Amino acid sequence: MAAGGLGRSERKAAERVRRLREEQQRERLRQVARVLRKAAAERSAEEGRLLAESADLVAELQGRSRRREGLKRRQQEVCDDPEELRRKVRELAAAVRGARHLVVYTGAGISTAASIPDYRGPNGVWTLLQKGRSVSAADLSEAEPTLTHMSIARLHEQKLVQHVVSQNCDGLHLRSGLPRSAISELHGNMYIEVCTSCVPNREYVRVFDVTERTALHRHQTGRSCHKCGTQLRDTIVHFGERGTLGQPLNWEAATEAASKADTILCLGSSLKVLKKYPRLWCMAKPPSRRPKLYIVNLQWTPKDDGAVLKLHGRCDDVMRLLMAELSLEIPAYSRWQDPIFSLATPLRAGEEDSHSRKCLCQSPEEAAPGDRGAPILGGWFGRGCVKRAKRRRVT
C-alpha cells in the first residue's frame with residue numbers, strides 16, 4: 001500500500017460501493033418516473049411519500065420532460081392561416097419596397113419544391129437519421145430552380161435584392177440566372193470544381209455533380225487542371241470543415257453585403273448553422289443598428305425572437321403572394337436559357353470515365369431515346385451538348 005493511500009483491495013471495495021450507489025440512484029429514478037407517469041388521483045399513499053422524499057429527482061425528471069416537449073414543439077411545422085399569411089406578406093412587401101439594402105439568406109427549404117430534401121423538416125435528412133430510418137439518395141440532376149429561386153432572381157434584376165447568401169450546394173441559384181457576383185454559396189456548389197494551384201484559382205463549371213468521389217476531408221474529384229495538371233477538388237464545405245475557397249463561397253461579398261444591409265430576409269433556413277456566423281448578423285453593432293430581420297420558415301428558428309416578422313408558410317407560397325403584392329411577374333425557368341450550359345467547361349479526351357453521374361441536358365431532344373450522344377464521364381450528352389462543348393475552349 002502506498003504511503004497515505006488506499007491498498008488495492010480498499011480501492012476495489014470503494015469502487016463496488018460507488019457502483020452500488022449509482023445503481024440504487026438509477027433504480028430510484030426509474031421508480032419516481034413510473035409514479036410521475038400516473039395521474040395524481042391514481043397514486044397510492046406510498047407513492048406520494050416516494051415523491052415527497054425525492055423532490056430533487058422529481059425536479060430533474062420534470063425538467064427533462066419540459067425540454068423534450070420544447071424540442072418537439074420546435075420541430076413541429078406551423079402554418080399561418082391564409083388570411084394571416086396574406087396580412088404578413090403585405091407587411092413584408094412594404095419592407096422590401098422600403099429597404100435600402102436587402103440581403104436574402106436561403107436554406108434547404110427553398111429547394112424542397114424541387115424534390116430536394118431539407119435537413120430538419122419532418123422528412124428531413126437529419127430528422128430521419130435521428131429516428132434510425134434510412135435516407136434515399138435524390139437525383140439532383142432532375143432538380144430545377146423553384147418559384148422561389150426565380151422570384152429572387154427577378155427581385156435582384158429589379159434592384160430590390162442586392163445579394164443572396166445561400167447554404168445550399170444544389171446550384172439552383174446559379175441556374176436561375178442570378179449573377180455569380182450576387183451569390184455567396186457558403187457551403188459550395190455541386191457543379192463546380194476548382195484548381196487551387198492556379199492563381200487565381202481556376203474554376204470548372206460542369207453539367208454534372210462533381211462530388212461523386214468526394215467526402216469529408218477528401219475533396220479530389222479525379223480530374224486534373226487543363227492548364228497546370230494539378231488534381232481538381234470540389235467546392236463543398238462539409239459539416240466540421242471550414243470553407244477557405246474564394247469562389248463560389250464568396251465570403252467577402254457576403255460579409256460586405258451584411259455590413260451594408262438594413263433588411264435581411266431569411267427563406268427556408270432553420271438558421272441553426274447560419275447563426276454561428278456573427279459577421280452575417282452584424283453582431284458587433286448595437287441592436288438598434290442591426291438589420292431588420294424577416295423570417296419565412298415553417299419551424300422554429302433561433303433567430304425568431306429578434307425578428308420583426310415571422311411568416312409561417314412554404315417559401316413558394318409566400319413568394320407567390322409577395323411577387324403579386326409587388327406587381328412583379330415571376331419568370332418561368334427554361335432549360336434552354338439555363339446559364340450553366342454557357343458557363344460549363346467540356347471534358348478532355350481521357351476523362352470520359354471519371355464519373356457516372358447523370359448529366360444535365362439543355363433540351364428534351366438531347367435526352368430523347370436513340371440520341372444518347374457522346375459518353376461524357378459515364379453519363380451522356382446529346383449531340384447538341386457535344387457541339388456546344390466543342391465550341392468552348394478553356395482560357
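This is a predicted model: local features need pLDDT of at least 70, side-chain atom pairs count only at pLDDT 80 or more; totals for chains, interfaces and linings use all residues.

Student: What holds strands together in general?

Tutor: Strands of a sheet pair through backbone hydrogen bonds, and the pairing is either parallel or antiparallel. In this pair, Gln220 has Arg233 in E7 as its bridge partner. The two strands E6 and E7 also form a hairpin, with 6 residues between them. In that turn, Gly229 has a positive phi of about 85°.

Student: Which strands make up the sheet that E7 belongs to, and in what order?

Tutor: It is an open antiparallel sheet of 4 strands, in the order E5-E4-E7-E6. The edge strands are E5 and E6, each pairing on one side only. From one strand to the next, the twist averages 35°.

Student: How does E4 pair with E7?

Tutor: Strand E4 (residues 192-195) pairs with E7 in the antiparallel sense over 2 bridges. Follow the residues across: Glu193 stands opposite Asp234 in E7, and Val194 stands opposite Arg233 in E7.

Student: What joins E4 to E5?

Tutor: There are 4 bridges between E4 and strand E5 (residues 202-205), which run antiparallel. One place to look is Cys195, whose bridge partner in E5 is Arg202. E4 and E5 form a hairpin too, with 6 residues between them.

Student: Which residues of E7 lie on its covered face, and which on its uncovered one?

Tutor: In strand E7 (residues 231-234), Leu232 and Asp234 make up the covered face, while Gln231 and Arg233 make up the uncovered one.

Student: How many disulfides does the structure have?

Tutor: The idea is to look at the distance between cysteine sulfur atoms: a pair within 2.5 Å counts as a disulfide. By this rule the count is 0 disulfides. Take Cys228: its closest cysteine sulfur is in Cys195, 3.5 Å away, which is too far for a bond.

Student: Where should I look for parallel pairing?

Tutor: Look at the open sheet of 6 strands, ordered E3-E2-E1-E8-E9-E10, where the pairing is parallel. Strand E3 (183-185) and strand E10 (309-311) are at its edges with a single partner strand each, so one side of each has no neighbour in the sheet. On average, neighbouring strands here are turned by 15° against each other, direction ignored.

Student: Now a helix, please. What should I know first?

Tutor: An α-helix has 3.6 residues a turn, so residues three or four places apart point the same way.

Student: Which residues of H3 are buried, and what covers them?

Tutor: The buried residues of H3 are Leu57, Val58, Leu61, Gly63 and Gly70. Their cover includes helix H1 (8-36) and helix H2 (45-53). Glu60 is also in helix H3, but Glu60 is partly exposed, with a relative accessible area of 35%. Glu60 and Leu29 are 31 residues apart in sequence and 9.4 Å apart in space, C-alpha to C-alpha.

Student: And how would I describe the whole chain?

Tutor: The protein chain has 11 helices and 12 strands. Of its 395 residues, 47% are buried. Among contacts between residues at least 6 apart in sequence, 62% join residues at least 24 apart. The accessible surface of the chain comes to about 21600 Å², and 50% of that belongs to carbon and sulfur atoms.

Technical notes:
Residues are numbered from 1 along each chain as its sequence is written. Side-chain values use heavy atoms; hydrogens and water are left out. Buried means under 20% relative accessible area, exposed over 50%, partly exposed in between (1.4 Å probe, protein chains only). Contact means heavy atoms within 4.5 Å. Accessible areas come from the Shrake-Rupley method with a 1.4 Å probe; for residues, only the protein chains shown count as cover. Two strands pair if DSSP finds at least two bridges between them. Axes are lines fitted to C-alpha atoms, for helices over the stretch in contact, and angles run from 0 to 180 degrees between N-to-C directions.
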